[in-house]
Structure formats: C-alpha cells, structure tokens
Amino acid sequence: SVAAPAEETPSLGGGGSRRSNGAGQGQDSELSCLNSAQNGESSSAGGTHSNGLLASTNIGNSVGTNNGAGPGSGTSAASTASGSGLEVGSMKKKKRLSQADEDVIRLIGQHLHGLGLNQTVDLLMQESGCRLEHTSATKFRNHVMEGEWDKAENDLNELRALMHSPNAIVRMKFLLLQQKYLEYLEDGKVLEALQVLRGELTPLKYNTDRIHVLSGYLMCSHAEDLRAKAEWEGKGTNSRCRLLDKLQTYLPPSVMLPPRRLQTLLRQAVELQRDRCLYHNTKLDSSLDSVSLLLDHVCSRKQFPCYTQQILTEHCNEVWFCKFSNDGTKLATGSKDTTVIIWQVDPVSTTFILTTFHQLKLLRTLEGHAYGVSYLAWSPDDAYLIACGPDDCSELWLWNIQTGELRTKMSQSHEDSLTSVAWNPDGKRFVTGGQRGQFYQCDLDGNLLDSWEGVRVQCLWCLGDGRTVLASDTHQRIRGYNFEDLTDRNIVQEDHPIMSFTVSKNGRLALLNVATQGVHLWDLQDRVLVRKYQGVTQGFYTIHSCFGGHNEDFIASGSEDHKVYIWHRRSELPIAELTGHTRTVNCVSWNPAIPGLMASASDDGTVRVWGPAPFLDTQENCSNMDS
C-alpha cells in the first residue's frame, strides 16, 4: 500500500395522469363508454367500424373496406356472446365498468386495431360498451389520413369544445396547413402552395420563423430536394401518421388515445424494472421484442463481474495501481517492484472447459522506475502512458505504448514530489503535482508551460472543457483551477483527507476515497454530497475506486480488509464483496469497453481479473449483499 501523510423512479404512467380526461368525462354517450343499448349503433363517419375507426392494417392507414363488422354486427356480437354461455340480457344488466377497466379495454383495442384485427376490436367494443375514441376524433383521423384538409379543418371546430386549451386549435391548424403546403409543393402545384402560405398559414400569426423557412421551400427544384431540405418523408401514409402523432398530443386521451399507448406503458414498465435491477449491466434495448413480457426482469449475480477469471502474478512486489486503457484493449499495472506491465486484453472471449472469459496476455514490461509506480494515466488516444511514483519521487515517465520507448523523463527539481498526473483532453498537455507544493502544466516533451504555486496536490483530474483542472489538496478539499485566466474556486469540502478521487465520463459526478470515512459520491455541478457508500475499510492508505458498467451505473473500490466492494450507484449498501486477495486492495479498474470485465491490484503482489461466473463453477467468491 502507498501510505499518505495524515493530514432516480421513473413513474410507470409517463406523460401525465390517466384521469385527465378533461371535457370527455362529461360526455359518456359520446366518449369512452356507451351503454349496451348503443352497441349496435354505427359511427357517424361513413365506412367505419362499429368501434368508430376505419378498417386498417395499421392505425391511421385508411382502407375503404369494412372487414365484415359493419353497423349490423350487433346481432353477431349477441349470438357470439350467447354461444359462450352469456345472455344478451345479462350484458344489459352487468355492472358498469370502472374507469381503470375502460382504460385497459381502450388500450387493448387500440393495440389490436394497429395489428389489423378489426373484427376482434368491434366485438370487444360492443361487448364492453366502450368506444376507442370520440366520433369527432374518428372523423378527424380519417380526413387527415385521406388528405382531405378542408374537412379536417372543419373537424377542428367540433373538437374545440372537447379540448383543454383553445390555443391548441391554432397549433393544430398550423400543422395541418403545413402538411397541405408541403404536399402541394411535392405535387408541383406551386400556385396552390403559395395560396396556402399567404392566405391560410400567414393569417394565423403563429410561428412566423417557421413560415419563413417554409417559404424557402418554394425554391426547391424537384421533390427530392424538397424532402431533403424539409426533412420530410413526402406525401403518403408515413408522413400523415407522423402528423397525427403530433396532433394527438393536443387532444385529451378521452377524445383520442395517444399513439401506441399500450406499447409506451409496457416499455416504461420494462425500463423501470431494469432501472431497479441491482445487477443489470448490459446495454439498454428499448425494443419490446428483446424481452419477455410474461416475466419480471431480473439479472443474475452470476452474470456480474465478481468471479476471479485470471490471476496475474508477474509482479514480484506490491501492486499499487491498475488502469484499463480508454478503448479497453489494454491494462497497465504499476508496482513497488519498479516496473509497469502492459497487458493485452483479448477482444474475443475464450472458452475453456465451458468457461468463457477475456484472456489477458503480457504485452511488454516498462522498467526503471526507481521508487516504484503508484499512479498511471493513459493519454486520450491511448498512445502514451504516464507513470508516477510515491511521495518521495521527483520524476515521472512518459512512455510510447506502441514502441515501448521512453519519450520523456521529467524532473523539475529533486525537491519535487510528482505523485499524480492528468491528461488534457487534447492529448497534447498534461498536469502533474504532489504534496510538496508542485503543480505544473507540461507538454509531451516535459517542457513546463504553466505552474501554480503553493498547491499541495493529492490527486488531479482534467475536465472535458479543456480548461478546468480539479485538484484535491491537503486542506481536505477539491478546487477547480483554470490555467488560462489563473482563477480557482472551491468545489468540494470534506472533513477528512481526500486520498484519491475520480470523475464520471460526463464530468458531473466525483467519487472520493476519504481517509477513515470510505467512498463518497459528490455532484460537482450542484456541489453537494450525494451518497456515502458503506462497507469499505479505508484508513490512511491511498485506495483508488472507479465508476463502471454500462452507463457507469456501478462503483467499485478496494479496501484494507483485502476485499473489493461493488455498489449500485443509487444504493449505499454493497451489492457484492469480492474475496481472494490476501492483503490490502489498492486499486480497482473497470473495463470501459467490456462491462463484464474488471481488475484489482493488491499488496499481495497479484492482479485479479474479474468476470461473470463460469458455467460449471460452483465455488462462490462473491458474497450476495442485496438483502
């Protein structure tokens, strides 16, 4: 060990309450639920099903056929119900459906209609006494899909009384006229399009900036040019469906259901379950086809990187640091034995006796670090690696990883202490410093570009803006330093020494190892302590923790009790304790490209590579902490 001086629950429903039926609740005869006596009535829209929608194979895709479930299908519905052991009279006497039941029936009906199962939808609506949407909304939908823009505009007058916001009519009319204008242009009807622009869109006095953009489309020489500049799919079903999706956002759900509402709710439920899964460590797939809706989502701990897959024993003394390269193809380890070893990560997983893992192989050894190697930093492009020593080391080494050659050996003064380093995002500069008051900015040849006097640096990090350098110091704080305008500000203040810290990829969160306290998570933007993670043993040795997993949802840290601890970022209690090391674990690094691969470095002289459970391995070396 390197001793140091003792100095979020998305809601399932998503966009709003389902009770926000607005004006629709006062018009039961026209809206969600009808009484059984109305089951046989046809819609006022010609050529529609008894559920109020046109026959279609895709929702909103108008087809002028009835699929055999027209106005007279009430009789067949009754006979079907009778054949199932139900009497028509019992349907009339049945208890009125609850609001929740009505909502579910409408959601199912919408989904079935989208699949083209229109006769099934008719029977469902008739037997339940429900209707998918208001008759005015049905007429409006059909007219939009058929491109009958004048009729669609007239439908808006009927819908006005059903809407929460009268101003929404103007927005809806603007969207209709915009589609009408673009379709005229695509058909080469420039005069008609110009009339829409001047005589209909402009008088609305709405979104004048967009009108100016639309007027520019008059100069398009052909239809392909128009579609490209307008980022528009062209006249047809697809663009009109997209238009309907936008128009539906202005209508209460009691009048017209939001598009694909059942799929939206199911997707939100899947995402919520994934979000609550302690061990979920794979890329999120928003498609419902990738999951089973018949089972709750759960990830097994055996899929998590908490089983020893490989033990690297080439170092002959304490291993103080380990770090995967930014592309995840290499691992660098630094030891008290004065060497840095570069390991190659096999990109293809190896299978051996039904055990699948990524093999690490020794690539090269970098020697000559007289004081040992306590910190390593990869350049942004992984071409270079900088190695620093412990507190009494005044030198740092900049290695070319491709050739294995030493590019720069930097030492400003024998009195210096250069124990930490961080790369500027441009890859052309780095900052370094130590607890004796040195804080330098240098180029790749070790030339001093800037210095900051009197800062006793414990750990460094360069933010993505290319200007701000974060430095923890001996005053138990992290300050932000700007080398361009020579300003600094306090960001984090702890009550105990900050032994090390690391920052998330987005620059928002900082993970601190605090002496005698453990691991703390800070929000750098709001400058607040977010969470204190429990379990780890942290004294006055320098221990390095890390973010890891997909979306950096996990946190891992070494500990003086010889274990590696893993937490879900939102949970203070560890979800796994990894055993195997026999002395203090100084550093943990999570592979940024392979979420199921992690490495830990220990005073026992080994580096352990952790991965998912082998298929036939029954020996447990990962304690389950999710209780």
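Which residues in H5 meet which residues in H11? On the H5 side they are Phe140, Arg141, Val144 and Met145, and on the H11 side Thr237, Arg240, Cys241, Leu243, Leu244, Leu247 and Gln248, with contact taken as heavy atoms within 4.5 Å. Sorted by class, this contact has 7 nonpolar, 2 polar and 2 charged residues (nonpolar: Ala, Val, Leu, Ile, Met, Phe, Trp, Tyr, Cys and Pro; charged: Asp, Glu, Lys and Arg; polar: the others, Gly among them).

The model is a predicted one, where local features need pLDDT of at least 70 and side-chain atom pairs count only at pLDDT 80 or more, while totals for chains, interfaces and linings use all residues. Residues are numbered from 1 along each chain as its sequence is written, and side-chain values use heavy atoms, with hydrogens and water left out.

As for the core, 46 residues make up the largest nonpolar one, and Leu331 and Phe430 touch the most other members. Such a core is a set of buried (under 20% relative accessible area, 1.4 Å probe, protein chains only) Ala, Val, Leu, Ile, Met, Phe, Trp, Tyr and Cys residues joined through side-chain atoms within 4.5 Å. Another core, of 21 residues, lies apart from it and includes Ala168, Leu243, Leu244 and Met256.

On confidence, pLDDT (the predictor's confidence in each residue, from 0 to 100) has a chain mean of 82, and 81% of the residues reach 70 or more. Residues 55–93 fall below 50, though this stretch has 63 contacts in the model beyond near neighbours in sequence. Residues 616–620 also stay under 50, with 5 contacts beyond four places in sequence. Where pLDDT is low, the predicted coordinates should not be read in detail.

Notes:
Helix = DSSP H or I, 4+ residues; strand = E, 2+ residues; numbered from the N terminus. Buried < 20%, exposed > 50% of the residue type's maximum accessible area, 1.4 Å probe, protein only.
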